[in-house]
Amino acid sequence: MSCHNLMIGSEFSKEDIAYATANRRLLSMEIELGLQCNFRCQYCYLGHGGDKVNVLSGDEIRGAVSQAKAIGARKIILLGGEPMIFPGVMEILAFLRAEQLDVEIFTNGTNVTAENAMRMYDLGVQVVLKMNSFKESVQDELAGVKGAYQIIQEAYRNLREAGFPSEGHPMAVSTVICNQNLPEIIEMWEWLRDQKITPYFEIITPQGNAQDNFHLAVDLPVLQKLFHELADLDHARFGVRWEPQPPLVGDRCLRHQFSCLITARGDVMPCVGVTIPVGNIRERPLADILRDSEVVQDLRRYKDMIRGPCAACEKAESCYGCRGAAYQMTGDYLASDPLCWRNADRGNEIMKLPVEAGRMIPQQAPMRLVESLVSVGDRVAVVETSITKDNLFVNDDGTLDDIAYLELIAQAAAAMNGFRTSVRGGNEPEGYLLGARQFEVLEPARLGDTLRIRVFKATKFGDFGIIEGQVFRNETVLAKGEIKVWHKAACT
């Protein structure tokens with residue numbers, strides 16, 4: 001499975017979405033029921049899945065759902081692995097419905113027996129069946145398992161016999177668009193519409209197994225043509241109007257305004273594509289995690305924060321492309337979407353990490369000590385530099401003077417802040433080092449060394465922050481300590 005199309009947000013009013021966004025609340029939440037799966041899909045975002053080690057228990061899942069409901073969630077989307085092989089999945093479905101939550105479950109059809117299909121129908125669960133082809137050989141190839149086609153078709157028959165789809169009991173089919181099934185995509189879409197089944201068609205996000213299967217990816221001009229053909233078909237045959245835009249056929253993804261993902265091990269992430277843990281529900285309450293996450297805050301303020309061509313697009317008011325594709329392909333969750341055909345000829349305008357640190361910090365040569373911003377997470381960043389002979393802080397014996405470590409951490413913190421301020425309308429980078437405590441130099445760096453500086457924003461109050469920093473050579477910590485800084489805030 002890749003970043004799936006939930007027609008996400010269409011069931012919520014603009015007013016509800018605006019309220020959830022402004023108040024850091026939820027309207028929906030996705031949660032992984034384990035990591036085990038009996039398929040080995042070539043495009044799976046989880047890669048090769050995982051085992052049972054350290055995954056959330058049924059009680060922990062129910063607790064996470066209760067936390068989500070307390071901050072506004074009305075809908076829960078169950079993912080995997082394969083959720084239908086999770087022990088007690090039917091009891092979890094019953095619990096969710098007893099909590100008066102809407103429920104959607106994505107399944108490859110395994111264990112969708114006649115009995116389970118009828119039970120899901122009686123509970124009022126929306127089932128999304130993963131089906132990528134009408135052809136057995138293509139379906140089995142994409143699923144990585146011989147017999148996958150038969151499992152899916154049997155599940156489909158059981159769901160239809162149980163009463164899906166019907167009034168109050170919607171059903172959908174999730175399909176990834178790839179070169180292997182491209183010739184039948186229009187036929188599949190039309191057939192699903194005729195069956196009153198919602199088609200959830202999407203572009204593959206380049207992560208997990210898809211990173212090793214580039215032959216799946218469809219060229220952008222071909223995708224653009226396909227999206228427009230499907231839009232014309234929907235309008236002409238079914239009276240459905242929508243504007244073609246990736247990554248979802250017939251819809252747009254704005255899930256980051258009101259949703260989040262809880263992984264099978266309790267990590268909270270913006271979605272399956274933006275794989276940045278912003279906290280873990282085993283360690284902190286969900287409400288606190290969402291409140292304190294700068295990544296979540298940035299994505300909710302997408303109109304101010306998205307960089308590059310997407311910021312200037314005529315659709316910028318209602319679209320931010322696929323954040324998962326942007327993050328997976330650039331390392332920057334605020335970058336423009338490289339898989340949008342509108343950006344096909346503008347790749348040089350899309351920021352990709354690592355990026356030159358000089359773009360992010362106020363220090364100029366010769367005082368600039370850091371070279372590149374390598375990665376950015378939630379309140380954390382990694383910066384890299386090399387110790388060269390023109391470094392002002394190199395001693396006669398080739399070692400780095402102790403004061404330089406403090407400056408390295410301060411400049412790395414400035415780069416982390418500059419990452420968030422270097423958006424359209426953002427401020428010029430500006431900041432001050434106000435103090436340091438518990439600072440230690442454990443081993444000396446030497447001329448020729450390549451260093452990595454990891455900084456973590458432990459505390460923030462207004463424009464002031466407490467930064468915990470470490471300087472590494474390979475895996476060895478050379479220096480560590482805590483600094484207090486003032487940085488001009490990102491645009492508001």
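This is a predicted model: local features need pLDDT of at least 70, side-chain atom pairs count only at pLDDT 80 or more; totals for chains, interfaces and linings use all residues.
Where in the strands is the place of Glu482?

Reply: Residues are numbered from 1 along each chain as its sequence is written, and side-chain values use heavy atoms, with hydrogens and water left out.

Glu482 sits in strand 16, residues 476-487. Strands (E, at least two residues) and helices (H or I, at least four) are DSSP runs, numbered from the N terminus. Is Glu482 buried or exposed? Glu482 is buried, because its relative accessible area is 15%. Buried means under 20%, exposed over 50% and partly exposed in between, with a 1.4 Å probe and protein chains only. Setting aside neighbours within four places in sequence, Glu482 has contacts with Gly435, Ala436, Arg437, Phe439, Ile466, Ile467 and Glu468. Contact means heavy atoms within 4.5 Å.

Two strands pair if DSSP finds at least two bridges between them. Strand 10 pairs with strand 11 (residues 372-376) in the antiparallel sense, over two bridges. Val355 has Leu373 of strand 11 as its bridge partner.

Leu373 leads on to the core. With residues up to four places away in sequence not counted, Leu373 touches Leu353, Pro354, Val355, Ala357, Met360, Ala381, Val382, Val383, Ala415 and Phe419. The largest nonpolar core holds 135 residues, and Met120, Leu286 and Leu373 touch the most other members. Helix 14 (residues 402-421) gives the most to this core, with twelve residues. Another core lies apart from it, of ten residues, including Ala172, Leu261, Met269 and Val272. A nonpolar core is a set of buried Ala, Val, Leu, Ile, Met, Phe, Trp, Tyr and Cys residues joined through side-chain atoms within 4.5 Å. In soluble globular proteins, nonpolar side chains tend to be buried together.

Last, a helix. In helix 1 (residues 14-22), Ile17, Ala20 and Thr21 are the buried residues. Down the axis of helix 1, these fall within an arc of 100 degrees, so they line one face. That arc is taken from the directions from the helix axis to the C-beta atoms. Helix 10 (294-300) is among what covers them. Exposed Glu15 and Ala22 are on the face turned away from the buried side of helix 1. Just after helix 1, Arg24 has a positive phi of about 55 degrees.
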